[in-house]
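Have a go before reading on.

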Amino acid sequence: MIELAALIDAAEDVKRLRTQYRESAALKSIAEQLDYLIGVERGFVTDRSRIAAVNIGVIAARNVEDMDLGVAEKLQKLNADIARSYRGEPST
């Protein structure tokens, strides 16, 4: 399982960036995916079918690195953790 604190921390980082980049569809998508994962971790969301579609790492690599490299790297690591925890993918 992913640590809830890590998801919340990432969501706060994305929220901060969204105040600076209000029109960013990439940040909106990441925020929505993080909200979904937080809901799953808290037990509010029981439908786990969308976990396979989580792609915050790819979006971060393509769009967030120019905004904030530290946040992008954190999101990419979180995506790898999600892959291992939820999807059973091997670590790289």
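**Exercise 1.** Find how many aromatic pairs the structure holds.

*Solution.* Look for rings of Phe, Tyr and Trp (its six-membered ring) whose centres lie within 6.5 Å. The structure holds zero such pairs. This is a predicted model, with local features needing pLDDT of at least 70 and side-chain atom pairs pLDDT 80 or more, while totals for chains, interfaces and linings use all residues. Residues are numbered from 1 along each chain as its sequence is written, and side-chain values use heavy atoms, leaving out hydrogens and water.

**Exercise 2.** Work out which charged end sits over the ring of Y36.

*Solution.* The test asks for NZ of Lys or CZ of Arg within 6 Å of the ring centre and within 35 degrees of the ring normal. R50 is the one to pick, with its charged end 4.1 Å from the centre of the Y36 ring.

**Exercise 3.** Describe how helix 1 and helix 2 are packed.

*Solution.* Start with the axes, which are lines fitted to C-alpha atoms over the stretch in contact, with angles running from 0 to 180 degrees between N-to-C directions. Those of helix 1 (residues 4-20) and helix 2 (residues 25-42) come within 9 Å and cross at roughly 155°. The pair is therefore roughly antiparallel (over 145 degrees). Next, sort the contact residues: 13 are nonpolar, none polar and four charged.

**Exercise 4.** Now do helix 2 and helix 3.

*Solution.* Helix 3 covers residues 56-64, and its axis lies 10 Å from that of helix 2, at about 155°. So these two are roughly antiparallel as well. For the contact (heavy atoms within 4.5 Å), A26, L27, S29, I30, Q33 and L34 in helix 2 meet I56, I59, A60, N63 and V64 in helix 3. That gives eight nonpolar, three polar and no charged residues.

Methods
Helices (H or I, at least four residues) and strands (E, at least two) are DSSP runs, numbered from the N terminus. Angles under 35 degrees count as roughly parallel, over 145 as roughly antiparallel, 65 to 115 as roughly perpendicular and the rest as oblique. Ala, Val, Leu, Ile, Met, Phe, Trp, Tyr, Cys and Pro count as nonpolar, Asp, Glu, Lys and Arg as charged, and the others, Gly among them, as polar. Rings of Phe, Tyr and Trp (its six-membered ring) pair if their centres lie within 6.5 Å; planes under 30 degrees apart count as stacked, over 60 as edge-to-face and the rest as tilted.
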